[in-house]
Amino acid sequence: MPRITKEDKVRNRQNIVDAAGRMFRSQGIDAVGIAELMKEAGLTHGGFYNHFASKNDLAVEVCGTSFAASLGVLAHEIEAGDGETGSPLERVVARYLSTAHRDAEDGGCPSSALVTDAGRQSEAVQHAYAEGVEGYLAGFTAEFVREAEAKGQTPDTDEARRRAIRLLGELVGSMMLARAVRHVQPSLSDEILRAGRDHALD
């Protein structure tokens, strides 16, 4: 048999993480078995333990990498500043509460895709999720402060933090509700997303 190179091992590990990210977010961590995960990654079942000591270790990494990707999108929007399509936070709300995000086959942002799973997993997974939440709150808070300064106001960082918490809660809650009813009452699902887009930043 051909020898596995260091590059092959790195690539195989990334394939596992990528496959797990899609499957964990769309199906739930507990619903995904190692055998089907490795099949999705294009690898044999037994090869899993060459990369991870346990499924829990993989879940921790997936949670971290999934949030890192989502927070990268947030950072890009904030860096782009105000534009024809609105402020950074207006664009974030529009993207998050879109039908495309609701229907994403890979489950979309982990903040809503893994919110229920995180609380049922190990403390290590919960810590990884909490770090992702803090990343969102930090980004939202900084942007609320920037908006206040741009208006010539003295920013209240405590109030900005509270607004950030409320915004993230509304985004995640609206997305969870919209997904829960989309197959049986699609019009209600769309209505939930519209209301969220219209009022999340009130």
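This is a predicted model: local features need pLDDT of at least 70, side-chain atom pairs count only at pLDDT 80 or more; totals for chains, interfaces and linings use all residues.
A cavity here is a set of grid points, laid over the protein atoms alone, where a 1.4 Å probe fits but cannot get out.

**The cavity.** Select F144, R163, R166, L167, A200, L201 and D202, which together line the largest cavity, a space with a volume of about 30 Å³. Colouring these residues by type will show four nonpolar and three charged residues in the lining, with no polar ones.

**Helix α8.** Now select residues 123-150, the range of α8, and follow the helix from end to end. Helix α8 has 28 residues and reaches 40 Å from its first C-alpha to its last, which is close to the 40 Å expected at 1.5 Å a residue. Just after α8, select G152, whose backbone takes a positive phi of about 80°.

**Residue Q121.** Go back to the other end of the helix and select Q121, which is placed in the loop between α7 (115-120) and α8 (123-150). Is Q121 buried or exposed? Q121 counts as buried because its relative accessible area is 15%, and the cut-off for buried is under 20%. To see what surrounds it, display I29, D30 and Q126, the residues that Q121 touches when those up to four places away in sequence are not counted. Finally, draw a distance between the side chains of Q121 and D30, where the two make a polar contact at 3.1 Å.

Conventions
Residues are numbered from 1 along each chain as its sequence is written. Side-chain values use heavy atoms; hydrogens and water are left out. Helices (H or I, at least four residues) and strands (E, at least two) are DSSP runs, numbered from the N terminus. Buried means under 20% relative accessible area, exposed over 50%, partly exposed in between (1.4 Å probe, protein chains only). A polar contact is a pair of N or O atoms within 3.5 Å; within protein, one must be able to donate a hydrogen and the other to accept it, and residues adjacent in sequence count only if both atoms are side-chain atoms. Contact means heavy atoms within 4.5 Å. On a 1 Å grid over the protein atoms alone, a cavity is a set of points where a 1.4 Å probe fits but cannot get out, and a pocket is an open set with protein on both sides within 12 Å along at least five of seven lines; lining residues have an atom within 4 Å of a point. Grid points are joined across faces, edges and corners, and a volume is the space filled by probe spheres set on the points. Ala, Val, Leu, Ile, Met, Phe, Trp, Tyr, Cys and Pro count as nonpolar, Asp, Glu, Lys and Arg as charged, and the others, Gly among them, as polar. The expected span of a helix is 1.5 Å times one less than its number of residues.
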